[in-house]
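Please read the briefing below alongside the sequence and the model, and keep both open while going through the points. The topics run from single residues to the whole chain.

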Number of protein chains: 2
Amino acid sequence: MSYTAPIKDMLFVMKELAGLPEVAALPGFEDATVETAAAVLDESAKLCGEVLAPLNVEGDRNPSVWKDGAVTAAPGFKDAFRQFAEGGWQGVQHPTDYEGQGLPKLIATPCVEMLNAANLSFALCPLLTDGAIEALLTAGTEEQKQRYVPKLISGEWTGTMNLTEPQAGSDLALVRTRAEPQGDGTYRVFGTKIFITWGEHDMAKNIVHLVLARTPDAPEGVKGISLFIVPKFLVNDDDSLGARNDVHCVSIEHKLGIKASPTAVLQFGDHGGAIGYLIGEANRGLEYMFIMMNAARFAVGMQGVAVADRAYQKAVAYAKERVQSRPVDGSAKNAVSIIHHPDVRRMLSTMRALTEGARALAYVAAAHSDIAHRHADAAVRDEHQAIYEYLVPVVKGWSTELSIDVASLGVQVHGGMGFIEETGAAQYYRDARILPIYEGTTAIQANDLVGRKTLRDGGAVARKLIARVGETIQELAAQDDVAFAVMREQLAHGQQALANVVDFVLANAKQDPNAVFAGSVPYLKLAGIVLCGWQMARAMLVAAREQASDPAFYGAKLATARFYAEQVLPQAAALEVAIRSCKGGEGVLALSEDQF
Amino acid sequence: MSYTAPIKDMLFVMKELAGLPEVAALPGFEDATVETAAAVLDESAKLCGEVLAPLNVEGDRNPSVWKDGAVTAAPGFKDAFRQFAEGGWQGVQHPTDYEGQGLPKLIATPCVEMLNAANLSFALCPLLTDGAIEALLTAGTEEQKQRYVPKLISGEWTGTMNLTEPQAGSDLALVRTRAEPQGDGTYRVFGTKIFITWGEHDMAKNIVHLVLARTPDAPEGVKGISLFIVPKFLVNDDDSLGARNDVHCVSIEHKLGIKASPTAVLQFGDHGGAIGYLIGEANRGLEYMFIMMNAARFAVGMQGVAVADRAYQKAVAYAKERVQSRPVDGSAKNAVSIIHHPDVRRMLSTMRALTEGARALAYVAAAHSDIAHRHADAAVRDEHQAIYEYLVPVVKGWSTELSIDVASLGVQVHGGMGFIEETGAAQYYRDARILPIYEGTTAIQANDLVGRKTLRDGGAVARKLIARVGETIQELAAQDDVAFAVMREQLAHGQQALANVVDFVLANAKQDPNAVFAGSVPYLKLAGIVLCGWQMARAMLVAAREQASDPAFYGAKLATARFYAEQVLPQAAALEVAIRSCKGGEGVLALSEDQF
């Protein structure tokens, strides 16, 4: 099989690091036991490994095709989507009231990881549909929810997010698409949207576009943007499909990667106006869109973990099979499989350690989200929501940035063969490249981390997390082995660097915003390195406790955590220097535009 | 123009850092004045900017095509090659005795950079021809030299290197191609070679393949490999072309990048044997091939610098043009071009600083090579040759590794547009990915750095370079400005880290070779970061002296060097920790094969 879901690792993180038992104790999640989780993951792994993973290369070679306004999905995708829909996979984390399965995000998250590892292009369609469902559930009327959500959950229809326009990418204040009220409660929408993932396809009967647009009397800037439902086919009162709406796919992009997922240019209103329905209140569209975006950002972070793991699995398989050169320590007379060469080990261990750390942090974040939604105590909910919100840009930014490095190492492990497209390693390198860009670039995530997540609460959540890292450092001290001493030392350095940087951000944001925002991406990376390292340290403590029951598995956890401590965590100090150096701007901001 | 050669920067490095005047004082290089260099660079820049750069995208979209054993080069390439050949560009650094121009490598190197920046795929053909010329000049008979070299220099013919076989990549001990003596001094060659760059094409009348093969009585392993000339067309005594030789291109690869350069599978001897001519002595083929490889490795390092600079230029152009979002410091009410955003600045400055540092180190290495070839004093020649040989794996490994990061940042600067192939930024990201692989992977470079370049002389050259870094640190102390203090501090940290690591390598290579080779790539990167940082520091000293004459240019040198000190050099400490942690192998080598 080209992809085998790492179920044992996933369950380890869910149970031991993210606290699945605590999540299962929340009201409404009583069924979310470890046994249920294991059963769900097993089923998901089958679909992903057997049906979706083999289509990944196929979709890359034979991308979705546009012709006369219609897009035909890549070969096999339509049938695979039918199986995905029939299995109920779109509804894992959505409420039972709308025919979802009502499981925690903590259980849905490994399913999302598997789906993306198996087939990133395919998984984007459900990813966007999830976002549309979240937005409708949050801001839609009950009628809108009843009309759209069950069909989206069943996979009869899919959803999209329509934000970007040629002049409005990161800066949504520049959105120009307009929505004119028709007097009957509906609107007519006119404009062009670009980069619309799965904006047109033949895998579902209808597509529910959620579209940012301006009403005629709206104020300028981001406070004048509203959110509209614009279905591809209008929906009759009996829920049957009616007329084709005036939204048309005029082209799809020729991209570096994720080629099977059609990236559409959508034209609204060229034939009289596309019928749209306002969601929630006018001019609050951006707020609602952020609901979709936050769900999508977390999911894109999972895409980073997913493609990293897939690249790792492929590299390991090749390294075990490819025989080349004698070992440097003279332990064999003939050439050995390259996994025995120290540098190949270093590359594979780097891929593994980064991926495991990113997975752990993401699952922990998912558990915070579950508690934030379901805990009986509002104060507890708020606390966990704040932590989740701090972690979302870190999960999104750090997991996706590292996925490029991991995929690049995966190519390198393959040597010359890695550069040949038929080998398949290059696809991950191409596919991963979009992840730090869409759903908000790493800089946008970093701005969010600095602005909304650090400055707004005066660093309270950041410091709470830093203190918890400190608790883990204390626990490491109780362990005897040298590996724990190594982790303790490096995690303490990392923790101190992160604390210093949070102080720096708080102290300088007002008088030297350029310095703080020049250092914002390094801050995000620092937070990613340290908080993932924290999870690796927590995994060590569990491994020490459980080691006797499964020495190979827990021994690998200990060794991988130590590798992370030695090879990854030391970068924290360099990032701290880089960030603090931004002050005054003599280095990072000194050049005039003409000097570039 | 899509590529403008940075002539001013190049001349600055040549003159101020690499010592062009000293090179011009060497016997035989009297004509290599700064004026000559400037004139050569101007001419080269015209050809590269006007003829070759526009074909870069074209070649990516319409790669070279294989049909019935023949390869047709990408559109426009044949005519461009004719212009390249007629301009005498193949011969810049080759001896006048064989119709070359006899200029120093220090002048040829910026020409190589431009050629590769303009069109990496195209430039590979001259790059391989250079290697073939070097090998022939070193090990060929006078008759062989007279027969092949002038035609290779004139561009009538081109050259290739035939090393790799399906089972023999990094490990040439596994080469199986055989050469059977015919009793008349010639051989018949049988075997399959893969990954042969420009192994077949229609840009020249003949192709001179240099081929590694074994004679029947050769010992096993690398000591039984000989080097043969196997021309595509046999050459008659009057130098006219004779019969088609029995070497045929059976396919070309479908690659991630450098698509216009055909990567051939060559079949030797399927129709009775390909006629080959031994070069030098039997069984010394690998030694001769290393002559080609060392020339080629340095040139591939230049490819890294080149693609990094091209990606930088494109990103800067986009960042100046693309308007998006208001500035974070509130200095404008409306959206501004994104070059005004701190994170975009950080990305562009990172690209710029890494590229400038790598260029400077490479040119400095080229000057050492010139002195090693031409100095009157043998002891001086040896000293410079040793330094050059230490620097070659650093230039190759570090410049190519960073070129991926720089090209990746280039995509990121473009946001969503970067992922669209039509934009062009993605091509550099794809093209760059081969650079740390071919002509010896980064691990192979790192093994060379550890084994031949550090252990063999007991660290003598490494320590000499480290001492010279120390001299520059002293000179920085004489300068008043805070930028110099910053550089002094960070370069001193880097110097110490490099010194510690060299000691570590020397102390542990025998009893813990796995540790040393697990840390070898980090050692190479550390050497790259520190030695490039050293060049940035030297540039600062020049800039301080010359600033009044050209404040914008020298001010940019000062700011870029400071950026390098603050944002790049701090990584040295992290690498030192990572390298020293390899000792004992508990982190990097602890997992068994099954645990992966």
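Not counting residues up to four places away in sequence, B:Ser349 touches A:Val588, A:Phe596 and B:Phe563, where contact means heavy atoms within 4.5 Å. This is a predicted model, in which local features need pLDDT of at least 70 and side-chain atom pairs count only at pLDDT 80 or more, while totals for chains, interfaces and linings use all residues, and side-chain values use heavy atoms, with hydrogens and water left out. Residues are numbered from 1 along each chain as its sequence is written, and chains are lettered from A, with ligands numbered from 1, in the order in which they are written.

**Residues in helices of chain B**

- B:Ser349 is found in helix H10, which covers residues 342-374 of chain B; helices (H or I, at least four residues) and strands (E, at least two) are DSSP runs, numbered from the N terminus.
- With a relative accessible area of 4%, B:Ser349 is buried, a class that means under 20% relative accessible area, whereas exposed means over 50% and partly exposed lies in between (1.4 Å probe, protein chains only).
- B:Ile579 belongs to helix H19 (residues 571-581) of chain B and is buried, its relative accessible area being 1%.
- Leaving aside neighbours within four places in sequence, B:Ile579 is in contact with several residues, among them B:Val501, B:Gly519, B:Pro522 and B:Leu526.
- B:Phe504 is also one of the contacts of B:Ile579; these two residues are 75 apart along the chain, and their C-alpha atoms are separated by 8.6 Å.
- B:Ala386, in helix H11 (residues 378-413) of chain B, is partly exposed with a relative accessible area of 29%.
- From C-alpha to C-alpha, B:Ala386 and B:Ala460 are 9.5 Å apart in space, although 74 residues apart in sequence.

**Backbone angles in loops**

- Most residues other than glycine have a negative phi.
- A:Asn283, which is not a glycine, has a positive phi of about 70 degrees; this residue lies in the loop between strand E12 (274-278) and helix H9 (285-321) of chain A, and is partly exposed at 27% relative accessible area.
- B:Ser325, likewise not a glycine, has a positive phi of about 70 degrees and lies in the loop between helix H9 (285-321) and H10 of chain B.

**Cysteines**

- A search of the whole structure finds 0 disulfides over all chains, a disulfide being a pair of cysteine sulfur atoms within 2.5 Å.
- In chain A, the cysteine sulfur closest to that of A:Cys48 is in A:Cys111, 7.6 Å away and therefore too far for a bond; A:Cys48 counts as buried because its relative accessibility is 1%.
- In chain B, the sulfur of B:Cys48 has its closest cysteine sulfur in B:Cys111, at 7.6 Å, which is too far for a bond, and B:Cys48 is buried with a relative accessible area of 1%.

**Chain A as a whole**

- Chain A has 19 helices and 12 strands, and its C-alpha trace spans about 80 × 60 × 55 Å along its principal axes.
- Of the 596 residues of chain A, 66% count as buried.
- Among contacts in chain A between residues at least 6 apart in sequence, 74% join residues at least 24 apart.
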